[in-house]
Amino acid sequence: MVRMILAFVIAMVAAAIVGSIIQTQFNLAALAELSVPISFDTRISTIIHDLLHFSPMFAVIVAAVMMIALPVAYALARWQQHRERWWFTLAGFIGLLVGFWVVNNLAPMPTLIAATRTWTGLLSMALTGGFAGWLFDRLWRPTPQELAEPVL
Amino acid sequence: MIGLNKVLMAGVAACAVFLTPLTSAQDPADFEVMVIANDLTHPWSLVELPEQPLNFLVTERDGGFKLVSELGFIDEIPLELPGLFVTGQAGLFAVSLAPDFESSRELYFSYACGVANANTTCVARGTLSRTRPLKVSDVKQIYVAQSLREGGAHYGGRMVWLPDDTLVLTLGDGFDYREEAQNLQNHFGKIVRMTRDGEPAADNPFPHKAGGYIYSYGHRNSQGLVYDSEADNLWQHEHGPRGGDELNRIQPGKNYGWPIASYGIDYTGALVTPYEELPGVAMPEYQWTPSLAPADMVLYRGSEFPEWQGALLVTHLAGKRMQVLKQSANGWEVVHEIKLAEQQRLRAVTGASDGAIYLLTDSPQGQLLRLSRAEN
């Protein structure tokens, strides 16, 4: 149980960090298309700002999605055990796609997360859900080969 | 019978004076408020009829159009706007009297038009009858903002007339189309200027772009617009995202920065832009962070509050207050802040011929309120 909770927390934090960095790149790319100069320092400071201010909200969305997606993945994995890792990854990805759709229907604005306005942005952000599912299963139920790998 | 009941109820409401004590940043005892009318459905704009002092034309977001007397009697005015689209923030916005209204009887309406996946802001012109029952005839759509968008957010919709009889209209960025506010090939996030017939004004700054309508650009969602004829200044305010509501002095051809420069951040906490200022971007004259959601404003020229002469009265939705902004050597500053005891969202404001200030609250049961100085 402790291992599962730890795996869940680590997966959510990691997904929130990766998702935050991805959405920053989409927002800055949109500005760059408008000929706004984005220096390396500006990019880094924007990433840091968003990690501090965007990722907590995103972690809540990912965690809420995964509370449903991961048990579904577990059920599917019992049916096809040799594809367990794939089921967790796919459940995270599809779960986050559905999660964005639900959030946009509940929130007063058309699209809550600006980076998901385009298909490229939407799929990229949903990949963080896949990453969360993959990482959760990797930490919770590592394969014998993975257990044999050195930590460092 | 239903109509009679409505009139009676409105009359009762108007008689129930001084219902609502006010709180003010300075002296609460200075003000009193009277409920003139109740049960207005998300009322949006408020215009006093020149030939009937203290009788107000009121638009409602669901398409309703009413005349409210100073005693609270309400006349429904039938209005059929071509393609009216009502959802979320979309619907009927402002009504504006033509500069020669007393002879022409012409009214201009800004409203959302189209359907859920293809809509925009439109302007229609109609003629108000001189006699009761009031009706609007010859309604014709004269302007359609380019381009169509999905969703029901950020339409702008305030109008004001300049001395050369051109009509200036604010337009929103459609929320999901924020980058388009910088694109001069469409009307997202622009202020446009047109003739009485809806044609682009001849001396607009970008005659060869987007039909020649654009007057200024880089706006998010602007719902406050005032022309100061004494100083020849056009004042505008607009909603920022989280923070960064702006008061701007609008000059033709200028870029007001959205979304490349802003004092606000996105609702998610992410930066919309890392820049608060950029070269070539006009800076706001005043900005609100955190946001109060400014919804309308008027330049006060009344007699009831002589100390507010020349001040901008700004109503706020989320901020649930009216602010009085005066210009000093240090720029604009808030000199008064007035909240209703019930903490209501305030949508529209106007100064009427009796010198008092009239306010519309934003709610499914919106009210018309009269703000005046306490007699004692």
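This is a predicted model: local features need pLDDT of at least 70, side-chain atom pairs count only at pLDDT 80 or more; totals for chains, interfaces and linings use all residues.
In what order do the four strands of the open sheet in chain B stand?

**View 1. An open sheet in chain B.** The order is β2-β25-β24-β23, and the pairing is antiparallel. At the edges stand β2 (31-40) and β23 (346-351) of chain B; each has a single partner strand, so one side of each is left without a neighbour in the sheet. From one strand to the next, the twist averages 20 degrees. Strands here are DSSP runs (E, at least two residues), numbered from the N terminus. Two strands pair if DSSP finds at least two bridges between them.

Residues are numbered from 1 along each chain as its sequence is written, while chains are lettered from A and ligands numbered from 1 in the order in which they are written.

**View 2. Strands β2 and β25 of chain B.** Seven bridges join β2(B) to β25 (residues 366-373), and the two run antiparallel.

**View 3. Two domains of chain B.** Domain 1 covers 1-40 + 294-376, and domain 2 covers 78-291. These bounds come from an automatic or database domain assignment. Taken over C-alpha atoms, the domain centres are 24 Å apart. Twelve residues from domain 1 and twelve residues from domain 2 make the contact. Two residues are in contact if their C-beta atoms, placed from the backbone, lie within 7 Å. On the domain 1 side, β19 (294-299), β20 (312-316) and β22 (331-340) each supply at least two residues. The largest share, six residues, comes from β19(B). By class, this side of domain 1 has ten nonpolar, one polar and one charged residues. Nonpolar means Ala, Val, Leu, Ile, Met, Phe, Trp, Tyr, Cys and Pro; charged means Asp, Glu, Lys and Arg; the others, Gly among them, are polar.

**View 4. The nonpolar cores.** The largest nonpolar core has 89 residues; Leu313(B), Leu359(B) and Leu369(B) are among those that touch the most other members. Domain 1 and domain 2 of chain B each give this core at least three residues. A second, separate core of 40 residues includes Phe26(A), Ala30(A), Leu70(A) and Ala115(A). A nonpolar core is a set of buried Ala, Val, Leu, Ile, Met, Phe, Trp, Tyr and Cys residues joined through C-beta atoms within 7 Å. A residue is buried if 20 or more other C-beta atoms lie within 10 Å of its own, exposed if 12 or fewer, and partly exposed in between; C-beta atoms are placed from the backbone.

View 5. The peptide bond from Arg132(B) to Pro133(B) is cis, with omega near -5 degrees. Pro133(B) lies in the loop between β9 (118-128) and β10 (136-144). Another cis bond runs from Gln146(B) to Ser147(B), with omega near 5 degrees. The loop between β10 and β11 (159-161) holds Ser147(B) and also His154(B). His154(B) is not a glycine, yet its phi is positive, about 60 degrees. Is His154(B) buried or exposed? His154(B) is buried, with 31 other C-beta atoms within 10 Å.

Technical notes
Axes are lines fitted to C-alpha atoms, for helices over the stretch in contact, and angles run from 0 to 180 degrees between N-to-C directions.
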